[in-house]
Structure formats: structure tokens, C-alpha cells
Amino acid sequence: RDKTQTAKSKGVKFLGMTVLAGGMAAVSLGAMKKAKERVKELIPRSGKRSLEAQVEKVNQWYMGWSGYYQMTNYPNQLQKIEANIRMRFRLQFIKNHKRKKHLVRKLRKRGIRSSTAYRAVY
């Protein structure tokens, strides 16, 4: 048995990527964990900066991060980070609006239909 075949079948970690059998590349678990921690840093639950400033900062980071890992054969890994970003923004938005009627008003301003906003809040 060749040593490279054994290493490939187990998964060779290299620069934040894991090379799987058949030459498939995936983002390593450690890199995914660090990305989620970075999202937590960029989007704290009680955001003091404006939403637009936070979105700009997250976009800047995510464009670089996803560009580095674009060679992955598993795009759902990138979608998981995007979903995590959206969830953090939702949590922050809801936490910053204590009164329900104000939250509905803000959601409607952002383009969400009235029925959907009412269902989500109440």
C-alpha cells in the first residue's frame, strides 16, 4: 500500500482544507469553528454600531473568507456560515426592539409583508 493513499483515505488537513478520498476538498472542522467564532465577534447580540456598518464589516470579512475557501467541493459549508450570519443579525435585531408593535413596524419598513411580520412577532 502506498503512503499517500493511506493519508488521502483518512483526510489530509492542509491550509484549513481537508482533502478527502478521490481528491475532494472540504473546509476543515477547525476552520468552520473559527469562522463561526469570528461571526460572533463581528455580530454581538447587543450591537452598538448601526446595522449598515455591521453589514459592511461582515461582508468585507465574508468575501475574503469565502474567496479563500471557494475551491471546496461542498458549497453547503459556505451556506452554513451564511445562515449563521443571518441568524445572528435576526437575533440582534429582535433583541434591540423590546416592544412588539415597534418590532412589527420595523419589519414592515424593511419590506416584510404585514401578515408575515405579525405572525413572526405575535
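Residues are numbered from 1 along each chain as its sequence is written, and side-chain values use heavy atoms, with hydrogens and water left out. In this predicted model, local features need pLDDT of at least 70 and side-chain atom pairs count only at pLDDT 80 or more, while totals for chains, interfaces and linings use all residues.

**Exercise 1. Describe the order of elements and the overall spread of the protein.**

Step 1. Helices (H or I, at least four residues) and strands (E, at least two) are DSSP runs, numbered from the N terminus. The protein has six helices and three strands.

Step 2. Read from the N terminus, the order is α-β-β-β-α-α-α-α-α.

Step 3. The radius of gyration, taken over C-alpha atoms, is compared with the globule rule, 2.2 Å times the number of residues to the power 0.38. The protein has a value of 20 Å, well over the 14 Å that the rule gives for 122 residues, so it is more spread out than a compact globule.

Step 4. Along the principal axes, the C-alpha atoms fill a box of roughly 70 × 30 × 20 Å.

**Exercise 2. Locate the nonpolar cores and say which elements build the largest one.**

Step 1. A nonpolar core is a set of buried Ala, Val, Leu, Ile, Met, Phe, Trp, Tyr and Cys residues joined through side-chain atoms within 4.5 Å. Buried means under 20% relative accessible area, exposed over 50%, and partly exposed in between (1.4 Å probe, protein chains only). By this scale, 30% of the 122 residues are buried.

Step 2. The largest core holds 18 residues, and W61, W65, I81 and I85 have the most contacts inside it. Two or more residues each come from β3 (25–27), α2 (29–42), α3 (51–68) and α4 (76–95). The top contributor is α2, with five residues.

Step 3. Contact means heavy atoms within 4.5 Å. Not counting residues up to four places away in sequence, I81 touches M32, A35, K36, V39, W61, Y62 and W65.

Step 4. A second, separate core has six residues, among them L103, V104, A117 and V121.

**Exercise 3. Characterise the lining of the largest pocket.**

Step 1. On a 1 Å grid over the protein atoms alone, a pocket is an open set of points where a 1.4 Å probe fits, with protein on both sides within 12 Å along at least five of seven lines; lining residues have an atom within 4 Å of a point.

Step 2. There are 19 lining residues, and R86, F89, R90, F93 and I112 lie nearest the centre of the pocket. Elements giving two or more residues are α3, α4, α5 (100–109) and α6 (114–121). The largest share, seven residues, belongs to α4.

Step 3. By class the lining has 13 nonpolar, two polar and four charged residues.

Notes
Nonpolar A, V, L, I, M, F, W, Y, C, P; charged D, E, K, R; others polar.
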